[in-house]
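Biologist: I am new to this structure. Please show me how to read it.

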Amino acid sequence: MNKVSCPLYGFATVMLMFTSAVVSAADLVPAASERFAAADNAEVPDFQKHLSPLLGKLGCNGRACHGSFQGRGGFRLSLFGYDFKMDHEQLLDRIDTKAPADSYALQKPTLVEPHEGGKRMEVGSWEYNLFLNWIKGGAPSVAGDPVKLEALEVTPSEIQFTAAGQERQLQVVAVWADGTREDVTCLTRFQSNDDAICDVTSGGLITSGDKGDSHVVVFYDNAVVPVPIIRPVTDEIGEKYPKLAARTPVDEHVQTKLAKLGIIPSDVCTDAEFLRRLQLDLTGTLPTAADVEAFLADASSDKRARKIDELLQTPAYAAWWTTRLCDWTGCSDQQLQNVNPVNRNAGSADWYAWMLKRVSENMPYDQIAEGIVTASSRNPGESYREYCERLSNYYRDKDRSYADQPGLVYFWGRRNFVSNEDRAIGFAYTFMGTRIQCAQCHKHPFDIWTQQDFEQFEQFFARVKFSRGDPKESKKILEELGITGKANGNDQRRAIEKAIADGKTIPFPEVTITSDNNRRRKSKDNPEAGMAKLLGEQSVDLANIDDPRTALMDWLRNSPTKLFAKSFVNRVWSNYFSRGIVEPTDDLSLANPPANAGLLDYLTDGFIAHGYDMKWLHREIVRSDTYQRTWRPNATNAADERNFSRAVVRRLPAEVTYDALTVATLNDEQAAKFLESVSGRAISETSPPRNNANNGRNYALAIFGRSIRESNCDCDRSMEASLLQTLYTRNDRDVELLLTAKNGWLTQLSRELKPQSESAERELAAAEARIERFEKALKTAQKADNQKLTAKAQEQLKSARADAAAARRELNTKAAKFDPQQVVTQAYLRTLSRLPTDEERNVAGGYLAAESDSLTGVKDLVWALINTKEFMLNH
Amino acid sequence: MAVHFTCDGMKRRDFLQIGALGAGAFSLSSFLRLASAGQVDAAAKAKAAIFINLPGGPSHMDTFDLKPNSSDEYRGEFSPIQTKIPGIEICEHLPLLASQMDKFVILRGVSHTLAAHRLGSEYVNSGNRPLPSLEFPGYGAVVTKELGGPSDLPPFVSIPNSNQRPGYLGVQYAPLHTNATPSIGKPFSVRGISLSNGMTVQDVEKRQGLLNKLDTAFAGFESSSQLLEGLDRFSQQAYSMITSPRARDAFDTSKESPAFAEKFGDSGFGQSCMLATRLVESGVRFVTVSTGGWDTHSNNWTNLKSKLLPPLDQGLAALFSGLQEKGLLESTAVFVTGEFGRTPKINTTRGGRDHYPRCMFMLMAGGGIQGGRVIGESNENATEPLNEAISPDDAAASFYHALGIDHTKEYHTNTGRPVMIVRDGNVIDSLFT
């Protein structure tokens with residue numbers, strides 16, 4: 001269905017074009033700087049092709065100058081141009097076609113008249129002559145639609161420097177729709193993405209700087225073209241680069257880039273490092289001491305691959321990636337005030353459950369997205385009442401859940417997803433990893449989109465309504481429940497909450513698609529009515545589509561930009577490497593090219609070819625040597641943080657930090673269940689709390705930067721370090737409580753050392769009494785055929801029996817002897833997921849020996865270990 | 001090194017040069033640097049600030065903007081009393097504040113349009129009208145970013161918690177929440193700083209000694225990673241906060257002289273104000289105190305006179321006089337506000353007043369603000385400003401001005417968007433003259 005309206009889109013296309021472009025001098029229009037060097041040229045320059053870029057080049061339409069929304073000195077230009085109509089009108093007031101040289105617009109920038117912006121050009125310069133000729137020629141505007149720029153050819157297409165201070169000149173050629181080719185180097189803006197690596201002049205002359213790589217970005221008309229600049233780190237490049245085995249395609253792509261830079265990747269990490277890193281990244285869960293011991297003891301050669309497969313099957317994997325998907329889709333109770341009347345937290349709980357079910361089943365990512373993008377409330381043919389019945393069942397029948405609902409309608413009910421503009425921005429953020437908000441007010445400075453593109457894209461969202469439900473029917477349902485409109489909001493809310501708790505049917509909000517009003521307005525005079533335009537691509541006539549969102553979903557799947565798959569691949573990659581192949585991960589724009597385009601394309605294409613199989617993507621990444629490298633740098637890659645030549649140390653995400661503190665201090669029995677039973681874990685939290693509540697673990701999760709899921713930005717999650725984090729792990733009472741918890745490792749040790757037979761006897765007696773009580777309750781409930789009470793009694797009975805078993809075990813335990821070496825080993829395994837070195841054994845063992853109370857010594861040791869950088873970081 | 005571009009084509013690196021730091025890759029080091037350097041407009045009088053939030057939205061007509069001549073529909077039960085400054089009258093249930101009127105300014109006819117608690121609260125806690133796409137940092141986050149703080153004290157403390165979030169500035173500018181209010185004469189414990197469970201400084205030193213010996217995995221690589229270096233700096237800072245007497249003393253309200261402490265009253269709010277003065281005296285840069293209950297849809301007057309106004313009166317009056325007594329009023333900017341006023345027209349069915357942002361009051365003091373005045377005015381029934389309205393943005397600009405912070409300074413959000421500290425405000429010059 002799609003046709004690329006601008007062939008500049010997609011880096012690969014552009015690169016190909018560079019190499020095949022044969023710039024023939026014969027049919028090339030020379031640069032404006034040559035043509036207008038002398039004043040005797042009679043050519044009338046074009047507003048779009050020459051004058052508007054010149055204004056940009058001179059800085060006139062910058063934000064600090066006339067591009068400001070307030071204008072300057074009463075003169076306003078569109079920020080970054082491309083609003084030719086407005087710019088032309090504004091200029092008309094400042095030119096004099098009868099006496100062109102007296103035009104105010106020429107006198108200001110030449111300082112004939114005082115100009116706050118200073119001198120921008122000399123009288124008689126080619127810029128001046130160009131401007132003057134345009135006025136002399138009658139100051140023509142752009143006739144009709146802007147001319148289409150077919151291609152912008154930049155040579156050279158890639159630059160490799162060998163020393164600091166070397167120079168290269170870029171040449172830029174515009175190819176217009178009519179085949180005209182013009183050298184526009186002098187009208188082009190250039191920008192270095194890292195001026196430590198390379199500097200670029202306004203004329204396109206590049207000077208090399210430090211070793212490393214970056215891009216120079218070239219802007220002309222609506223085109224944005226990045227040119228890779230490389231200065232190798234060592235001279236081991238090309239022929240001299242050592243022949244390294246590339247075990248997987250990921251390694252091959254990474255090493256291709258490293259070979260250009262002369263960077264040798266670090267060695268593959270140890271098994272202990274691998275297990276810890278993998279389990280934290282893939283499942284958000286620190287390995288237990290037993291996990292580490294078992295993995296180290298496994299002598300088989302395929303144990304890493306097997307571990308990957310094993311972890312991909314765990315509930316912790318599903319929980320952690322559900323949390324990440326909830327970040328990107330914006331699941332937050334604060335934003336879900338009105339989506340579900342059942343109770344105040346039902347919105348995020350449903351959302352999380354919906355996502356978790358699909359991640360657990362490994363539903364293809366495009367289908368998950370489709371369930372959100374085209375989410376409908378009612379099933380086909382369902383009446384509003386039937387819909388309410390069905391939804392009410394989700395809350396009164398324990399065998400059903402909102403996760404069974406085909407679509408995640410709540411996405412459309414977010415409070416920050418109401419206006420068309422917010423929806424356009426939020427949609428592009430979630431599903432394309434792209435920031436289009438700039439184009440809301442002006443031409444996007446780093447991409448091809450204009451303000452008009454944004455406005456036409458918004459139209460896709462206009463007919464989607466999230467409402468409180470069918471007005472008549474919902475009122476009727478409320479009346480049947482005895483809830484009248486007279487009750488105020490809060491009273492009504494409570495009455496509805498009570499009704500559903502009592503098993504009644506309540507009215508639910510729903511998404512509806514309103515009919516297309518434009519169908520009628522469409523006419524010969526107004527052919528654009530009812531049209532919407534896919535960003536940077538073709539127009540769609542919404543009048544012929546029942547649900548405009550289906551067109552959006554088709555586009556996500558089929559757009560040649562592949563931003564849909566690419567943004568997901570890039571976000572998943574950044575989870576494993578602490579930065580994306582494109583960084584920031586939510587800024588996939590032409591001016592922010594990937595550090596390794598081949599790698600991103602390989603993974604994107606593979607992800608699509610494998611039917612958006614998320615587990616394929618995870619495997620493909622973590623099986624590579626690239627993922628499994630040590631953080632220890634070698635002589636060539638100490639400064640490299642963008643080419644994946646080694647692991648980069650990074651903080652653990654908030655939820656993972658909290659769970660790691662918990663499992664590191666938990667007794668062996670409960671720690672063993674951590675990967676499997678995730679309920680109650682921080683990675684299973686459905687939403688940041690309402691109203692910034694900071695009770696319980698919310699405090700820790702907030703200071704460690706859990707995503708606030710609020711502002712369409714991957715930066716809503718913070719991976720920064722802060723003083724409050726350090727104060728927390730050093731001295732917070734919550735951490736102290738973890739160390740001494742009843743279900744903690746220290747308590748376990750203390751019991752092993754001196755079995756508490758008396759207290760165990762007491763606990764056993766109490767548990768047995770409870771068993772008796774719950775057995776009775778169960779019988780009663782079964783007799784009454786009350787499912788809810790039956791289930792409850794069964795639960796209670798199970799827990800009481802477990803307590804009794806634990807007490808019996810304790811009674812049978814014999815006092816163990818305190819073995820400092822064993823304790824030090826266990827402490828290291830459960831915190832740093834590795835065995836201690838001899839030096840560490842000496843220090844820790846010595847500390848324990850010097851302590852009169854061995855348990856206090858162990859407590860200090862665990863405290864010290866969870867406060868090391870090695871514990872707090874992934875490496 | 002990551003370079004991010006902003007919407008207007010400026011590179012992140014440029015911000016370093018102009019001093020407006022993005023919250024991206026540079027923020028950790030910038031935080032460390034600013035914390036030790038500190039950029040202050042030397043002419044500014046305030047070096048610290050106390051922000052007092054009254055969530056729920058206190059009724060302006062029953063506190064600082066009474067209209068005794070209004071009809072019964074509007075007036076309410078309370079009568080005005082004279083303050084220390086002739087011509088300025090406030091509610092009869094605020095007698096102690098009346099006697100401190102020379103120290104603070106009442107802003108009347110403050111006006112905005114956001115009648116929901118959360119939105120209003122975000123507005124008055126940041127000075128920027130909320131946007132769905134951006135979370136603005138609260139005052140405390142901006143002030144501590146701009147002015148830093150001493151190394152052995154938390155720069156930004158909220159008692160017991162606060163609606164001021166770090167927003168786009170990032171978690172390193174979040175406040176330390178005490179999560180509790182102090183009680184008169186009793187030691188006060190603060191998470192992360194106070195020693196609990198019988199721990200002593202010696203115990204901490206011993207543990208730290210062990211930690212120093214074991215935290216060696218990255219030895220020799222610290223200088224190559226901003227993160228490793230930052231964690232080491234935070235580690236030293238945390239250690240000095242926990243072990244040095246300065247931080248513990250600052251929070252230990254039992255060390256305050258009883259005569260001084262008792263003036264604040266024994267309410268949670270009063271003692272929070274007392275702690276706020278103590279913290280500022282110790283060198284904490286920014287303190288928020290929050291006391292709720294002002295959402296008086298029903299039983300407005302009973303609640304105000306029996307529960308809400310007496311502790312406010314006593315605590316706030318003691319805060320002003322206490323700061324004066326300690327010589328801190330000139331160097332401490334104080335700002336008191338709820339998220340909105342309440343409907344001038346009484347809700348007779350429930351005996352209360354409902355949300356009303358179009359007309360409200362705020363109080364400001366210290367930091368060069370000349371007290372004893374009313375600035376701004378509401379109309380005859382306090383339904384709207386009489387002349388030009390004062391906006392929350394204006395109040396915010398003035399608050400920053402008192403602290404020597406240029407409210408028009410631009411930050412760049414993580415999405416690269418340039419945003420002024422206060423986007424739409426003007427300093428109220430008359431506050432300072």
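This is a predicted model: local features need pLDDT of at least 70, side-chain atom pairs count only at pLDDT 80 or more; totals for chains, interfaces and linings use all residues.

Biologist: How many residues of chain B are in contact with chain A?

Modeller: Two residues are in contact if their C-beta atoms, placed from the backbone, lie within 7 Å. Here 53 residues of chain B meet 59 residues of chain A. α7(B) gives the largest share of chain B's side, 10 residues. Helices (H or I, at least four residues) and strands (E, at least two) are DSSP runs, numbered from the N terminus.

Biologist: Which domains does chain B have?

Modeller: Domain bounds come from an automatic or database domain assignment. For chain B it gives domain 1 (12-187 + 253-428) and domain 2 (189-251). Their C-alpha centres lie 33 Å apart. Each domain of chain B puts 15 residues into the contact between them.

Biologist: Is strand β7 of chain B buried or exposed?

Modeller: A residue is buried if 20 or more other C-beta atoms lie within 10 Å of its own, exposed if 12 or fewer, and partly exposed in between; C-beta atoms are placed from the backbone. In β7 (residues 286-290) of chain B, 5 of 5 residues are buried.

Biologist: Which way do the residues of β7(B) point?

Modeller: In a regular strand the side chains alternate between the two faces of the sheet. Phe286(B), Thr288(B) and Ser290(B) point one way, Val287(B) and Val289(B) the other.

How values were computed. Residues are numbered from 1 along each chain as its sequence is written. Chains are lettered from A and ligands numbered from 1 in the order in which they are written.
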